[in-house]
Amino acid sequence: MRDNSKIKLKRVESLLKELIPEALATMQDNRVNALNVVDVVCSKGRYDAKVYLDKSYFNAQEQKEILAQLRKVNGYLQTYIKQSEGWFRSPAFTFEFDEQSEQIAKIENLIKELRKSSDES
């Protein structure tokens, strides 16, 4: 991929990272309208976008229900994005809860424990 197309892709991802929470905020479902978008990764042709969500406040059952609801409103989100930006098309969205932030927190806790145990010795 050329540098110019990489820049365009990053620009679209950044824009979607702002617009998706904006669109979700207009929804009536309280679980959905307050979701925090951690990251957006678009495919090379920008036909698909994977949206990573913060799962901090949701248990496994709630996460499952939220993902089901988001699949139902995918068309609404695409329309919102197209209209707000004047685009001809919007990527199809796939939603996932971000596992990385949880793993990072675990690693940070392990490092703190190691430092604490090394300080005590």
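Predicted model: local features only at pLDDT ≥ 70, side-chain atom pairs only at ≥ 80, totals over all residues.
**Exercise 1. Salt bridges**

Find how many salt bridges the model holds, and state which side chains meet in them.

*Solution.* Begin with the general idea that side chains of opposite charge can pair when their charged atoms come close. The cut-off needed here is a side-chain nitrogen of Lys or Arg within 4 Å of a carboxyl oxygen of Asp or Glu, and by this rule the count comes to 2 salt bridges.

Step one takes the pair Lys 10 and Glu 13, whose side chains meet with a distance of 3.5 Å from N to O. These two residues are 3 residues apart in helix α1, which means that about one helical turn separates them. Lys 10 is exposed, with a relative accessible area of 56%, whereas Glu 13 is buried at 10%.

Step two takes the pair Lys 50 and Glu 96, where the distance from N to O is 3.3 Å.

**Exercise 2. Buried or partly exposed?**

Decide for Gln 63 and Glu 65 whether each residue is buried or partly exposed.

*Solution.* The cut-off for a buried residue is a relative accessible area under 20%, while an exposed residue has over 50% and a partly exposed one lies in between.

First, Gln 63, which is found in helix α3 (residues 60-72), counts as buried because its relative accessibility is 15%. When neighbours within four places in sequence are left aside, Gln 63 is in contact with Lys 55, Phe 58 and Phe 97.

Next, Glu 65 is also found in helix α3, but its relative accessibility of 33% makes it partly exposed. Between Glu 65 and Val 32 the C-alpha to C-alpha distance is 9.9 Å, although the two are 33 residues apart in sequence.

**Exercise 3. A charged patch**

Name the residues that gather in a patch of positive charge on the surface, and describe where Lys 8 lies.

*Solution.* The patch brings together Lys 8, Arg 11, Arg 46 and Arg 89. Of these residues, Lys 8 is found in helix α1 (residues 3-25). A residue of such a patch needs over 30% relative accessible area, and Lys 8, which is partly exposed, has 41%.

Key
Residues numbered from 1 in each chain as written. Heavy atoms only, no water. Patch = residues over 30% accessible without salt bridge, like charges linked within 9 Å, V, L, I, M, F, W, Y side chains within 5 Å. Areas by Shrake-Rupley, 256 points an atom, 1.4 Å probe, with all protein chains shown as cover. Lys, Arg positive; Asp, Glu negative; His and termini not counted. Charge placed at Lys NZ, Arg CZ, Asp CG, Glu CD. Helix = DSSP H or I, 4+ residues; strand = E, 2+ residues; numbered from the N terminus. Buried < 20%, exposed > 50% of the residue type's maximum accessible area, 1.4 Å probe, protein only. Contact = heavy atoms within 4.5 Å.
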